[in-house]
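Hi,

Here is the structure I promised to pass on.

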Amino acid sequence: MTVLITGVAGFIGFHMARKLCRQGVHVVGIDNLNDYYSVDLKRARLAQLEHLPGFHFQQIDIIDQGALRGLFSAYGFSEVIHLAAQAGVRYSIDHPSVYADANLVGFLNVLEACRAYPVKHLVYASSSSVYGANTKMPFAVEDAVDQPVSLYAATKRANELMAYSYSHLYRIPATGLRFFTVYGPWGRPDMALFKFTQAILNGEPIDIYNGGEMARDFTYVDDITESMSRLLPRPPPLVDGIASCQLFNIGRGAPVKLLDFIHCLESALGIQAKRNYLPLQPGDVLQTWADVSGLEKWIDFSPQAGVEQGVAEFVRWYRDFYPGKQGQPARQAQPARQSKQATRWA
C-alpha cells in the first residue's frame, strides 16, 4: 500500500502523513513549498516527517503535469489524498489567477494522473466554503451549493463537479471532504487561532469582524485525520458497474460563537485580549454548521474534540514552537505575506 499525499507540507497534509506512517503505511508526499505563508514552518513540518519509516518527500508542483505523471508511473499509488490547493477567501479576491492554476488546473492534473494510472480511491479536500450564502442550518451535502461568495469557494465546488465527471467517465472512486474550520497544533498562520494567539502574546489587539456576531463549526485536526484514515480504505461502491463519487462534511457538528472561542483562547493563554471590532469582511459568512450524519453512518465516527481541549493543545504547541519573548517567533521569520491577508475562518 503506497499512498500519495499532495500538499504534505501543509497543515492537514502533515498530520495525515504522520498518522499513516505511524500505522505502517508507505507515504509519498509532494508539495511545492510556496510562500503563501512561512516556508520555514512548512519545512519544520517536513522535518518531523523525515525520520518516520515509510515516508518519502519530493518537491513537486501539481501544476507540473509531466512531473506528476512521472511520479504516478514510478510508484503505482494505491490511494491518493489530494490536499494541495491555494487556500484563503480574501486572498482569492486579490489573486484570482493563483486559484485557477492551483485549484483548477492542478486538480485536473491529479485527475488525469489517476485516469492514466488507476487508483483504488481518490480522497480530495473540498471546503465548507462551498455552502456560501446558504442560510439553512445545519449544512447538509444534499443542499444546493450554487451561491459561492468567494472565488476560493467556487474553485472548491468546481473540484467536486470535476471529480464527479471523472468518476463517472473513467471509474475513479472518489470521495470529497468538506472541511469545517480545521485548527490545532502546526496550524496555518493565516487562520484566526494562530493570528489571535500571536497578537495576544505580543500585547496587540485582535481584529474581530461583524462585532463578533459570527459562529464556526470548529474541527480539531486529529478528528480530521481519524476520519480520513477510516475513509481511505472505504471507497464509494460501484453503481451499475460505474465507480461512484461521494461527498461528506467533516465538522464537529456544533457551531461555536466567535466570542466564546476567543474566551477559550484567553483562558488557555491566561491573558485577556485587546479587541478591535471591524465590519464583516468580503467573502465571509456569518455561520457554519456541519451535518455529519452521512460521515458517521459511513465510518462509524464523527469528530469529538471540543474547542476548550483543542485550543489548549494549540497554545501548548505554539508556546513550544515559538518560545521567544512575548510570543515572537524564535525559530523563524514572521509568516510570509501575513499583513496582506484577512483572517481565515472557513
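Below is what I found, going from the whole chain down to single residues.

First, the ground rules. This is a predicted model, so to speak of local features I need pLDDT of at least 70, side-chain atom pairs count only at pLDDT 80 or more, and totals for chains, interfaces and linings use all residues. Residues are numbered from 1 along each chain as its sequence is written, and side-chain values use heavy atoms, with hydrogens and water left out.

**Confidence**

The average pLDDT (the predictor's confidence in each residue, from 0 to 100) is 92 for the chain, and 93% of the residues score at least 70. The stretch to watch is 327–346, where pLDDT stays under 50. The model still gives that stretch 77 contacts beyond four places in sequence, a contact being heavy atoms within 4.5 Å.

**The whole chain**

The chain has 11 helices and 15 strands; these are DSSP runs numbered from the N terminus, with helices being H or I of at least four residues and strands being E of at least two. Its radius of gyration is 19 Å, close to the 20 Å from the globule rule for 346 residues, so the chain is as compact as a globular protein of that length. That radius is taken over C-alpha atoms, and the rule is 2.2 Å times the number of residues to the power 0.38. The C-alpha trace spans about 60 × 45 × 40 Å along its principal axes.

Of the 346 residues, 56% are buried (under 20% relative accessible area; exposed is over 50%, partly exposed in between, with a 1.4 Å probe and protein chains only). Taking contacts between residues at least 6 apart in sequence, 83% join residues at least 24 apart.

As for charges, there are 32 positive and 32 negative ones, and their mean positions are 2 Å apart. Lys and Arg count as positive, Asp and Glu as negative, while His and the chain ends are not counted. Each charge is placed at NZ of Lys, CZ of Arg, CG of Asp or CD of Glu.

Most residues other than glycine have a negative phi, and most peptide bonds are trans. Where does this chain have a cis bond? One runs from M137 to P138, with omega near -10°. P138 sits in the loop between strand 5 (121–127) and helix 6 (151–170).

Positive phi turns up at L33, near 50°, and at T181, near 35°. L33 lies in the loop between strand 2 (26–31) and helix 2 (39–50) and counts as buried because its relative accessibility is 7%. T181 belongs to the loop between strand 6 (174–179) and strand 7 (182–183), and with a relative accessible area of 3% T181 is buried too.

**Two more residues**

G70 is part of helix 3 (residues 65–75) and is partly exposed, at 37% relative accessibility. From G70 to G270, 200 residues along the chain, the C-alpha separation is 51 Å.

A254 is in the loop between strand 13 (245–250) and strand 14 (256–257), partly exposed with a relative accessible area of 31%. What does A254 touch, leaving aside neighbours within four places in sequence? The contacts are R216, D217 and W289. D284 is 30 residues from A254 in sequence, with 19 Å between their C-alpha atoms.

Cheers
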